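Biologist: Hello! Could you give me a close look at the strand pairing in this protein, together with what surrounds it? I'd like to follow along on the screen.

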Amino acid sequence: MVPNGNVPVPRPERGGPGAELAVASRRLLASWQRSEEYGVSAEEVDPVWAGSVDGDSLFYQCGQEVLTGLYQTLANEPLSLMLTDADGLVLNRFSGDTSLLRALDKVHLAPGFAFSERQAGTTGLGLALADRTPSLVRAEEHYSASLRTYTCAAVPVLDPLSGRLEGSVNITTWSKSSPELLLALAQSAASTTSALMLAKSGGRQPKAGPKGGVFRVQRGRLEPGAGTLRAMSRPWTEALDAAAVALVSGKVAAAVGEPGTGRATLLGQAIRQAHPGSRILCAAVPAPQDVEAWLSLWTPELSKPHTAVIVENIDLLPAWAAQELSAVAVSSRGAEFAGHPTAVTWAVTAEELTAIPAPLAVLVETVVPVPALRDRGDDVMPLARYAARQARMREVDFTPAAEHALTAYSWPGNIDELFGMVQDAAQRTETIDVRHLPAALMGLSGPKLTRIEAVERDEIARCLSRPGTTVAAAAAELGISRATIYRRMARLGITAPK
């Protein structure tokens with residue numbers, strides 16, 4: 001790995017940027033190296049023209065609204081406010097400084113041009129998208145000499161529901177201007193855009209950010225639920241066998257699919273089949289600001305014998321860290337270690353192969369698609385019974401109505417959603433019925449509930465969920481009449497217990 005702290009930035013052999021930097025951060029150095037590898041001109045940027053911009057996305061509409069309001073307060077400042085998509089395509093641009101706009105046009109930093117790191121080298125917006133973290137690139141830190149009259153700050157914007165990278169808010173000014181508040185201004189605009197996206201998403205809960213983590217599975221122990229996993233559907237077992245075959249031959253396997261489908265669990269079982277007795281390090285990628293500490297936590301373990309690594313959500317890894325992890329992986333599984341106990345078995349998870357950072361994607365030799373739970377209907381009840389057993393530490397029954405509701409649901413959150421739903425129900429009853437499950441599971445029709453109505457529905461369902469509880473008893477507990485509770489049950493889509 002590159003040592004901590006600042007490192008000198010070398011002048012590229014082909015002449016590189018004209019003014020050599022004395023010192024730069026590891027991220028900036030990594031970006032310069034990628035820029036050179038991409039073949040970006042060190043003298044003049046030549047971004048790709050992508051044509052007209054699609055303004056239909058929620059991200060664009062919310063970002064446009066936020067930047068319009070911000071521009072109205074900064075119209076007299078020498079700033080240019082921009083929104084870009086996840087590929088660096090400039091979607092819009094606001095500025096009241098005509099001389100700045102003319103200058104930006106000359107370097108093609110304008111709507112319709114793709115200005116990612118691959119097209120324009122090291123810039124604020126390119127670095128923010130590559131490393132998924134707020135980035136400030138000052139004048140002399142740009143890779144291309146034609147951009148050194150500017151300083152720019154950019155902040156990535158993630159979809160608050162899915163966590164996917166949507167794009168960035170970028171603010172550019174003249175290099176002679178003070179940059180101290182530039183990044184804070186971009187962060188505020190990006191945060192407001194994300195909050196507005198959530199507000200316009202129907203009040204759904206935001207997805208928690210990645211927290212990362214590392215855990216070790218000791219030698220010779222089967223993971224909990226191994227019997228359940230072996231008894232699952234054909235799509236699962238076929239994916240499991242494909243991963244095991246790849247790992248037996250020493251290949252790097254990538255389990256790809258939607259979050260929550262059990263990708264890391266599948267790889268863990270495949271390693272158990274391919275290399276019995278291996279010690280498994282399962283490392284989940286954290287938020288970008290925690291990646292350095294996360295790498296230092298587990299990579300020293302790679303020198304120990306019979307080690308296997310599963311890197312979860314590797315598509316969320318910042319570009320600089322992907323370069324460092326790639327070097328570590330190559331070293332730990334090099335030809336000189338073939339058949340040696342210190343050779344490391346590697347496997348990764350991601351939503352799709354194309355989302356894996358390039359330095360790591362080239363190492364992947366086998367791609368194993370993991371189907372979504374909605375495409376594995378036969379797995380729902382075995383997993384539900386296992387989840388309930390984990391919650392109660394004993395077997396829990398399901399009524400036929402509950403089984404029907406569980407197997408008929410589309411499970412957009414996959415296994416994670418199933419486990420959360422079933423374990424919550426199992427904590428409240430010995431026999432899970434539909435009344436113990438969220439109303440959304442039954443696909444109830446009718447008007448959308450307000451937050452107060454949703455709380456009311458859940459409270460009535462809680463009272464009715466106790467074994468032996470009648471509607472009259474629930475009404476008495478809630479302090480309302482039987483007629484009132486029946487009216488509210490009909491309005492909220494709650495079925496009376498039998």
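**Strands and their surroundings**

Modeller: Happy to! Let's begin where Val-256 stands opposite Pro-369 in S13. This is a predicted model, in which local features need pLDDT of at least 70 and side-chain atom pairs count only at pLDDT 80 or more, while totals for chains, interfaces and linings use all residues. Residues are numbered from 1 along each chain as its sequence is written, and side-chain values use heavy atoms, leaving out hydrogens and water.

Val-256 belongs to strand S9 (residues 253-256). Strands here are DSSP E runs of at least two residues, and helices are H or I runs of at least four, both numbered from the N terminus. Two strands pair if DSSP finds at least two bridges between them. S9 pairs in the parallel sense with strand S13 (residues 366-369) over four bridges, and S9 also pairs in the parallel sense with strand S12 (residues 345-350) over four bridges. On the S12 side, Ala-255 has Thr-349 as its bridge partner. In a regular strand, side chains alternate between the two faces of the sheet.

Now for an antiparallel sheet: five strands form an open one in the order S3-S2-S7-S6-S5. Its edge strands are S3 (90-94) and S5, each pairing on one side only. Neighbouring strands are turned by 20° against each other on average, direction ignored; axes are lines fitted to C-alpha atoms, for helices over the stretch in contact, with angles from 0 to 180 degrees between N-to-C directions. Helix H2 (residues 58-74) lies across S2, S3, S6 and S7, at about 175° to S2. Helix H5 (residues 124-131) lies across S2, S5, S6 and S7, at about 30° to S6.

Cys-152 counts as buried because its relative accessibility is 6%. The loop between S5 (135-137) and S6 (150-158) holds His-142, which is buried at 2% relative accessibility. Leaving aside neighbours within four places in sequence, the contacts of His-142 (heavy atoms within 4.5 Å) include Val-137, Cys-152 and Trp-32. A polar atom of the His-142 side chain lies 3.2 Å from the backbone oxygen of Arg-138, and the backbone oxygen of Ala-139 also lies 3.2 Å from a polar atom of that side chain.

Conventions. Buried means under 20% relative accessible area, exposed over 50%, partly exposed in between (1.4 Å probe, protein chains only). A polar contact is a pair of N or O atoms within 3.5 Å; within protein, one must be able to donate a hydrogen and the other to accept it, and residues adjacent in sequence count only if both atoms are side-chain atoms.
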